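Visitor: Could we go through this model together? I would like to ask about some residues and their surroundings.

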Amino acid sequence: MTLIVNPLLEVSDFDSDASRPMKLCVLPRADGEGDVRFAVPADYLALAGSFDGERTIVEAIDVYRAQQDTPRDVEWLRKLIEQSLLPSGILVGPGQDPARAATSAQSTRSFLHIKLPIIKASVVAPVARRLSFLFRGQAMLAGLLMFVAMHVYVYAFLLKGSQFDFNQLDITSILLLMLISTLATLCHEFGHASAASHFGCRDMTIGWGVYLVYTVLWTNVSDAWKLPRRQRAIIDIGGVYFESFFLAALVAAYLATHHPLFLFGFVFVDLSIANTFNPFLRMDGYWLVSDLFGIVNLRKQQEAWWQELAARVRGARGPTRTTLSRRARWVLSLYTVAGTLFIAFVLKTMFQVVVLNVLRNLPAFVDEHVRVISTTPSALNVAHAFLETGWRLLVIVGATMTFWNIGRGLLRALRRLTAPQDMPGRVA
């Protein structure tokens, strides 16, 4: 087979903490919808450059090995070509459409199950451009001080001695909290877009999707891949930065009305922010760790690192699969330990809040509504009982699905960890 480098391939430097130089590759997606981006070691592209449209795979490998000081053997390099460079579209064969060759190694099923744009770039861009001044240094410092002072005031004074019981919320409160949460999330997404606009990115689209078992909003900031790590990290925290202004509005609303719903809203948005910084789901915390420490495709690198560790425990030896520097490996090990503890904490909290609280009180709650409907039957009472019971059941179903997904994911990870691995890593 004779191959050539995809003529549509765009290559630029990529700022990471890998042990060897990395390049950012951009190609049109095979499905014709946008671009696909790959961060790959620079020597992968040197191997691709050995193809001139006339050499066979073996001849190109020989040329590459003659020019490069590589520890990889011929078989490993052949797998790299067949299992990574060809599927990713970096290399194309004779007669292959270069515009339909690139696919991503990322599984869309493990990230967003549904991904729909809801606010066009033509709407997002002018708003983000006008708000981008908030990402100047002095403005961000003032925002940080406001964020800290506001939380000290709320938790040390306004909420002191208050008790939040999930069962005390009725359906009206839940609907209003959902509205507050939605507005806060929209504010969050415009924070990402404004930060990206501040650093010169374009085509930021805001959309809706389903991640695991819950709905999320997302912002397309693909242009940020070309930025230095520090600027990418600011874009990662831009959403929470903007949410701090929304929290300030909730505090102001509470001080003006003394309605407790605004304090519930403050706490719920804060919980959402804490969840956003969870570095073990593909949310802002995940990208923040990835960008701050320059670890490309954090989940894949974590998996490769654990596979290497498991192989060494079994006594196997061979070339490393990860591209991480020594410092990045230390960060990854700490990240993994903290992730395990975090998942254990989430499971324990969900068990207490849902199973021991909502589920335990559900029979008595249903009995009370049955009694009310029996003594005062009316469409309004039936609808009220249906809605009040319904959101509690949704919480229980959501918790069950979360337990199921986490358990299934852990089993899959364990199978991959114990399976023999001897193929080049494909980073995308």
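This is a predicted model: local features need pLDDT of at least 70, side-chain atom pairs count only at pLDDT 80 or more; totals for chains, interfaces and linings use all residues.

Visitor: Where is asparagine 6 found?

Guide: Asparagine 6 is in the loop between β1 (4-5) and β2 (10-14). Helices (H or I, at least four residues) and strands (E, at least two) are DSSP runs, numbered from the N terminus.

Visitor: Does asparagine 6 count as buried or exposed?

Guide: Asparagine 6 counts as buried because its relative accessibility is 2%. Buried means under 20% relative accessible area, exposed over 50%, and partly exposed in between (1.4 Å probe, protein chains only).

Visitor: What lies 2.9 Å from a polar atom of its side chain?

Guide: That is the backbone oxygen of glycine 89. A polar contact is a pair of N or O atoms within 3.5 Å; within protein, one must be able to donate a hydrogen and the other to accept it, and residues adjacent in sequence count only if both atoms are side-chain atoms.

Visitor: Which residues is asparagine 6 in contact with, leaving aside neighbours within four places in sequence?

Guide: They are Leu27, Gly89, Ile90, Leu91, Val92, Pro98 and Ala101. Contact means heavy atoms within 4.5 Å.

Visitor: And what does leucine 91 touch, not counting residues up to four places away?

Guide: Leucine 91 touches Leu3, Ile4, Val5, Asn6, Ala48, Phe51, Ile81, Leu85 and Leu86.

Visitor: How many residues has the largest nonpolar core?

Guide: That core has 25 residues, and those with the most contacts inside it are Ile81, Leu85, Ile90 and Leu91. Such a core is a set of buried Ala, Val, Leu, Ile, Met, Phe, Trp, Tyr and Cys residues joined through side-chain atoms within 4.5 Å. At least two of its residues come from each of β3 (22-28), β4 (35-41), α1, α2 and α3 (74-85). The largest share, five residues, is supplied by α3. Another core, of 20 residues, lies apart from it and includes Met140, Phe190, Ala193 and Phe199.

Visitor: Turning to the rings, how many aromatic pairs are there?

Guide: The count comes to nine. Rings of Phe, Tyr and Trp (its six-membered ring) pair if their centres lie within 6.5 Å; planes under 30 degrees apart count as stacked, over 60 as edge-to-face and the rest as tilted. Phenylalanine 135 and phenylalanine 242 are stacked, because their ring centres are 5.6 Å apart and their planes are at 20°. This pair links distant parts of the chain, 107 residues apart: phenylalanine 135 is in the loop between α4 (121-131) and α5 (137-158), and phenylalanine 242 is in helix α7 (residues 229-257).

Visitor: Why is phenylalanine 242 buried?

Guide: Phenylalanine 242 is buried because its relative accessible area is 4%. Its pair with tyrosine 241 is tilted, since the ring centres are 6.0 Å apart and the planes are at 55°. Tyrosine 241 is buried as well. Ring pairs link Phe135, Tyr241, Phe242 and Phe245 into a cluster.

Visitor: Finally, where is phenylalanine 365?

Guide: Phenylalanine 365 is in helix α11 (residues 326-375). Leaving aside neighbours within four places in sequence, phenylalanine 365 is in contact with Glu388, Thr389 and Arg392.

Notes
Residues are numbered from 1 along each chain as its sequence is written. Side-chain values use heavy atoms; hydrogens and water are left out.
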